[in-house]
Amino acid sequence: MATPHPLTTTATGSDVRVRFCPSPTGLPHVGLIRTALFNWAYARHNGGKLVFRIEDTDAARDSEESYRQLLDALRWMEIDWDEGVEVGGEHAPYRQSERHDIYREVIDKLLAAGAIYESFSTAEEIDARNEANGRAKQLGYDNHDRALTDEQKAAFRAEGRQPALRLRVPDEDLTYVDLIRGEVTFPAGSFPDFVVVRPNGIPLYTFVNPVDDALMGVTHVLRGEDLMPSTARQLALYAALIDAGVTTFVPRFAHMPLVLGETGNKKLSKRDPQADLFLHRERGFIHEGLLNYLALLGWSIGPDRDVFSLDEFIAAFDIENVNPNPARFDQKKAESINGDHIRMLDVKDFAERTVPYLAAAGLFDEPSHEQLVLAFRVAPLVHERVQLLGDVPGMVGFLFTDDVSYDADALKGLPANAAEVLEACVAALEPVTEFTTEKIQDALSAALVEKLELKPRVAYGPPRVALTGRRVSPPLFESMELLGRDESLRRLSGLAEQLRG
């Protein structure tokens with residue numbers, strides 16, 4: 001039986017070093033942020049370090065805008081890092097595009113050690129040899145150039161050919177112990193010598209990614225399941241890097257489960273709304289709630305418990321407890337957990353977080369002092385009722401406008417005697433000079449429940465619609481106090497006249 005490389009790291013505690021190394025392409029995906037979260041939590045749990053570097057060698061796809069969006073995403077989620085872009089560190093620079101000289105030094109060491117070699121074979125030549133030897137085309141390169149003589153290399157150069165550089169893959173099984181999935185073995189011969197540097201001299205991602213990990217002392221590589229097949233090549237490269245004196249150990253690997261969409265068994269696509277981190281923020285997720293939910297995509301803090309603080313998460317998290325089975329993104333569960341975290345905020349914090357959503361909904365541009373006071377006064381009335389901050393403007397918008405817009409379902413649900421009920425409200429409230437929640441409730445209860453003998457559910461429906469335009473709103477009496485006596489009477493009378501008309 002094959003055994004893992006004897007120099008596999010045994011790092012624990014503060015010696016643990018993990019990394020988050022995305023490519024700056026497109027918008028941040030929740031699966032990507034889940035990867036950052038698990039690396040961050042593992043580093044914090046162990047008292048180790050998180051390195052954040054950028055893999056930006058694909059000039060056609062990478063963009064500075066995407067890089068800034070990655071920074072925005074991590075800062076909003078409050079995932080911090082110990083070394084890397086924006087903060088520096090002893091292994092700088094932390095962008096691949098700035099590390100070409102470093103890669104050249106490593107390539108020279110590997111060439112000197114005989115770990116990589118020049119390969120001049122074209123794709124057409126490889127296919128022709130495979131066909132002549134009765135070898136399936138899909139097996140690809142046949143390791144033909146391993147033993148080229150200096151004369152043969154000179155002849156190819158005389159033809160104008162430039163060589164690629166290939167890693168000399170060991171002719172033996174390669175084994176590692178996945179921290180999530182257990183022992184994994186790649187049989188000898190399961191892949192050929194592979195290109196690490198193109199003929200134009202540019203190293204490939206499959207080379208620079210492990211080289212950066214090695215040079216930056218990364219001890220644990222925690223990444224997505226979709227990258228698991230590349231581990232074989234990384235193990236082969238690490239063996240060569242150790243022999244060439246570039247590093248002294250092989251990291252531990254852990255491959256996290258895929259995140260699936262809500263239906264079917266396909267990986268959550270970048271095109272799925274659930275995948276767009278900023279769309280969740282726009283809809284009103286708070287970072288505490290979304291982080292909590294993302295932590296549950298493959299991990300659990302315990303049976304029958306879904307809601308926990310970030311401190312509890314860090315204290316409990318171990319990558320070895322991650323479930324290898326795919327995790328499904330459940331929008332309703334995510335929103336429910338977010339609602340639980342909203343209720344865990346103190347009211348002042350909650351109120352402050354609602355202000356940008358009130359502004360985005362057009363309730364004000366730059367809020368006046370009076371509007372801010374109103375936002376803070378209404379916040380306790382909806383704090384327990386929302387799952388998303390984006391729900392707040394619809395619930396409290398009636399307070400920030402003089403024109404009530406009635407929802408169609410709210411008008412449709414009014415009882416036949418709604419006009420009579422509203423007129424009774426006006427009559428009961430006109431004499432009330434101390435327009436407080438308690439006095440309003442006393443007056444309406446006497447007029448509607450006692451005098452008209454209406455059940456509260458029926459009695460308070462019409463005034464709720466008159467004041468807010470909705471069937472569901474913040475508590476009625478408190479809302480009337482915030483609106484004030486004159487505005488409340490105007491709205492009650494206005495809907496009564498409309499219904500009579």
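Biologist: Between which helices is the loop in which D304 lies?
Modeller: This is a predicted model, in which local features need pLDDT of at least 70, side-chain atom pairs count only at pLDDT 80 or more, and totals for chains, interfaces and linings use all residues. Residues are numbered from 1 along each chain as its sequence is written, and side-chain values use heavy atoms, with hydrogens and water left out. Helices (DSSP runs of H or I, at least four residues) and strands (E, at least two) are numbered from the N terminus. The loop with D304 lies between α9 and α10 (310-316).

Biologist: Is D304 buried or exposed?
Modeller: D304 is not a glycine, yet has a positive phi of about 60 degrees. Buried means under 20% relative accessible area, exposed over 50% and partly exposed in between (1.4 Å probe, protein chains only). At a relative accessible area of 85%, D304 is therefore exposed.

Biologist: At what angle does α1 pack with α9?
Modeller: The axes of α1 (residues 30-46) and α9 (residues 287-295) are 10 Å apart. Axes are lines fitted to C-alpha atoms over the stretch in contact (heavy atoms within 4.5 Å), and angles run from 0 to 180 degrees between N-to-C directions. For α1 and α9, the angle is about 85 degrees.

Biologist: Which residue of β8 stands opposite L165?
Modeller: Both faces of β5 (residues 164-167) are covered, with A164, R166, L165 and L167 all buried. Strands pair if DSSP finds at least two bridges between them; β5 and β8 (residues 195-197) pair in the antiparallel sense over two bridges. Opposite L165 stands V197.
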